[in-house]
Amino acid sequence: MSYKRPHRFDIIDRAFPVRLTLAVAPEQNMLVNRALTRTAGTGNYGVTPARLWSSQKAHHLHLYTVHDALMFLAACPQARLMSERYDGPPR
């Protein structure tokens, strides 16, 4: 019997309970990274690519607490929160 290790994105998703979906322009990545390091601290967050139904590019920001998420959003107004409706068949 073989053991399949979980993907690193799944590990990040399980480790950090709070997830924000952000639209960040490529030229603003450095500003967002600095704000994350300043508010949450190094190693206290995770970033994964967002898998959205539309073709918009986004990132999932994973944090430990809602307080960290609010502090980041206050410190970095360049990051835009995204939401998306699912218009597919009901589950």
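Helices and strands here are DSSP runs, numbered from the N terminus. One caution before we go on. This is a predicted model.

Let's stay with Leu61 for a moment. Is Leu61 buried or exposed? Buried means under 20% relative accessible area. Leu61 has 2% relative accessibility, so it counts as buried. What does Leu61 touch? Leaving out residues up to four places away in sequence, its contacts are Val18, Arg19, Leu20, Leu22, Leu36, Tyr45, Gly46, Val47 and Phe72. Pro90 is another matter. Pro90 is 29 residues from Leu61 in sequence, and the two C-alpha atoms are 27 Å apart in space.

Now the sheet. Four strands form an open sheet, and the order is E2-E3-E1-E4. The pairing is antiparallel. Which strands stand at the edges? They are E2, residues 45-49, and E4, residues 80-81. Each has a single partner strand, so one side of each is left without a neighbour in the sheet. Further in, E1 and E3 run antiparallel and are joined by five bridges. Leu22 stands opposite His59 in E3.

Two helices pack on this sheet. H1 touches E1, E2 and E3, and its direction makes about 135° with that of E2. H2 touches E2 and E3, and its direction makes about 150° with that of E2.

Let's look at H2 itself. Its buried residues are Val32, Ala35 and Leu36. Seen down the helix axis, they fall within an arc of 100°, so they line one face of H2. The face of H2 turned away from the buried side carries the exposed residues Met30 and Arg38. E2, E3 and H3 are among what covers the buried residues of H2. Just after the helix, Gly41 takes a positive phi of about 95°.

H3 next, residues 66-75. Its buried residues are Asp68, Ala69 and Phe72. These also fall within an arc of 100° down the axis of H3, so they line one face of the helix. Turned away from that side are the exposed residues Val66, His67, Leu70 and Ala74. What do the buried residues of H3 pack against? The answer is strand E1, helix H2 and strand E3.

The largest nonpolar core has 14 residues. Leu22, Leu61, Leu63 and Phe72 have the most contacts inside it. E1, H2, E3 and H3 each supply at least two residues of this core. Leu61 and Phe72, both on that list, also touch each other.

Last topic: aromatics. How many aromatic pairs does the structure hold? One. The rings of Phe16 and Tyr64 have their centres 4.6 Å apart and their planes at 50°, so the pair is tilted. Phe16 lies in the loop between H1 and E1, and Tyr64 in the loop between E3 and H3, so the pair ties together parts that are 48 residues apart in sequence. Phe16 counts as buried, at 8% relative accessibility. Tyr64 is partly exposed, with a relative accessible area of 38%.

To recap: an open sheet of four strands, H1 packed on the sheet, H2 packed on the sheet, and a largest nonpolar core of 14 residues.

Key: Residues numbered from 1 in each chain as written. Predicted model: local features only at pLDDT ≥ 70, side-chain atom pairs only at ≥ 80, totals over all residues. Heavy atoms only, no water. Buried < 20%, exposed > 50% of the residue type's maximum accessible area, 1.4 Å probe, protein only. Arc of directions from axis to C-beta. Contact = heavy atoms within 4.5 Å. Core = buried A, V, L, I, M, F, W, Y, C linked by side-chain atoms within 4.5 Å. Phe/Tyr/Trp six-rings, centres within 6.5 Å; stacked < 30°, edge-to-face > 60°. Pairing = 2+ DSSP bridges. Axes fitted to C-alpha atoms, helices over the stretch in contact; angles between N-to-C directions.
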